[in-house]
Amino acid sequence: MIIDFHTHIFPSDVRDKRDDYTRWDPMFAEMYTDPKAKIATAEELLVSTDYAGVAVSVALGFAWREHELCVRHNDYLLEVAAKSSGRIVAFCNVNMAADEAAGEVARCASAGAKGVGELRPESQHWDVNGEPGARLAGLGREHGLVLLFHVTEVGGHEYAGKEGLQLGAFYRFAMQHTEIPIVGAHLAGGLPFAMPEVPQVSLTALADTAARRFLYPESAYRDLVDRWGARRLLLGSDYPLVTQATQIEDVRTNLRRGAERDLVLGGNAVRLLGLSKRA
């Protein structure tokens, strides 16, 4: 059972009116002004899952600055997830600086969302290690939600959408809230490599493989598993940035041990999302 824990889909309206949305949201403009930046819909994601043999895809919400844009995107994700017969799992998104954020998280959870993400606190101007972050952690505990953050790696090349949450801030939040499931996108911003001396036993956060090929060498798979263990790594394609089939092959090529590979390709996600195993 293969589960892709990191995909992005938008309503067709966002693609059709891309120029409008780039005027409305600075992070969207940074990432999608270029017409070559791919924007996919739920229908296209399902075609991809059929081709790649993916059983379930987690569709992440975008970290819109305006609350209303978050709500509109959440509505779409919840709708397509409900119609997908379990093939799409919705993660909602909110700006914790908005007064309505807590109510929106509760609404999404009651409608079937399994998590909140891809969170970008610094892009939305709220403090993950302050009162807004504490409220978010409380909502995660109350509603049994996974929290997935875009984590910015230290150094490296610049690219559209790099900023979101600095590595140190993510580490402090994850260490403070070990009782809730927290995922750091993009190999957790390289946390296992940048801070090898951190108390890895106390840190319970997981990482996903999204965009690995643009950020880290292939040896990062083995390094992360050796440092954190295979139970803390999740398959994530960052679809449509990387095709799901390509990302799956990337994991299979670099994790040769069957038990480790199976955990990363789906076993860990089944546990984290509370799904039942099926063929």
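How do the residues of the lining of the largest pocket divide into nonpolar, polar and charged?

## The largest pocket

In this predicted model, the residues that line the largest pocket divide into 13 nonpolar, six polar and six charged. The pocket has a volume of about 610 Å³, and among the 25 residues of its lining, Met31, Tyr159, Ala160, Asp238 and Leu241 lie nearest its centre. Two helices, H3 (26-32) and H12 (212-215), each supply at least two residues of this lining.

## Two helices side by side

Helix H5 (residues 67-83) packs with helix H6 (residues 101-110) at an angle of about 5°, and their axes are 11 Å apart. Because angles under 35 degrees count as roughly parallel, H5 is described as roughly parallel to H6.

On the H5 side of the contact stand His67, Val71, Asn74, Asp75 and Leu78, which meet Ala101, Glu104, Arg107 and Cys108 of H6. The residues of this contact divide into four nonpolar, two polar and three charged.

## The sheet and a helix packed on it

Eight strands form an open sheet in the order S1-S2-S3-S4-S5-S6-S7-S8, with parallel pairing. Its edge strands are S1 (3-8) and S8 (233-234), each of which pairs on one side only. Strand S7 (residues 206-208) runs parallel to S8 and is joined to S8 by two bridges; Ala207 has Leu233 in S8 as its bridge partner.

Helix H9 (residues 167-176) packs on this sheet, where H9 touches strand S5 (146-149) and strand S6 (182-184), and the direction of H9 makes about 160° with that of S6.

Technical notes
Residues are numbered from 1 along each chain as its sequence is written. This is a predicted model: local features need pLDDT of at least 70, side-chain atom pairs count only at pLDDT 80 or more; totals for chains, interfaces and linings use all residues. Side-chain values use heavy atoms; hydrogens and water are left out. On a 1 Å grid over the protein atoms alone, a cavity is a set of points where a 1.4 Å probe fits but cannot get out, and a pocket is an open set with protein on both sides within 12 Å along at least five of seven lines; lining residues have an atom within 4 Å of a point. Grid points are joined across faces, edges and corners, and a volume is the space filled by probe spheres set on the points. Helices (H or I, at least four residues) and strands (E, at least two) are DSSP runs, numbered from the N terminus. Ala, Val, Leu, Ile, Met, Phe, Trp, Tyr, Cys and Pro count as nonpolar, Asp, Glu, Lys and Arg as charged, and the others, Gly among them, as polar. Axes are lines fitted to C-alpha atoms, for helices over the stretch in contact, and angles run from 0 to 180 degrees between N-to-C directions. Angles under 35 degrees count as roughly parallel, over 145 as roughly antiparallel, 65 to 115 as roughly perpendicular and the rest as oblique. Contact means heavy atoms within 4.5 Å. Two strands pair if DSSP finds at least two bridges between them.
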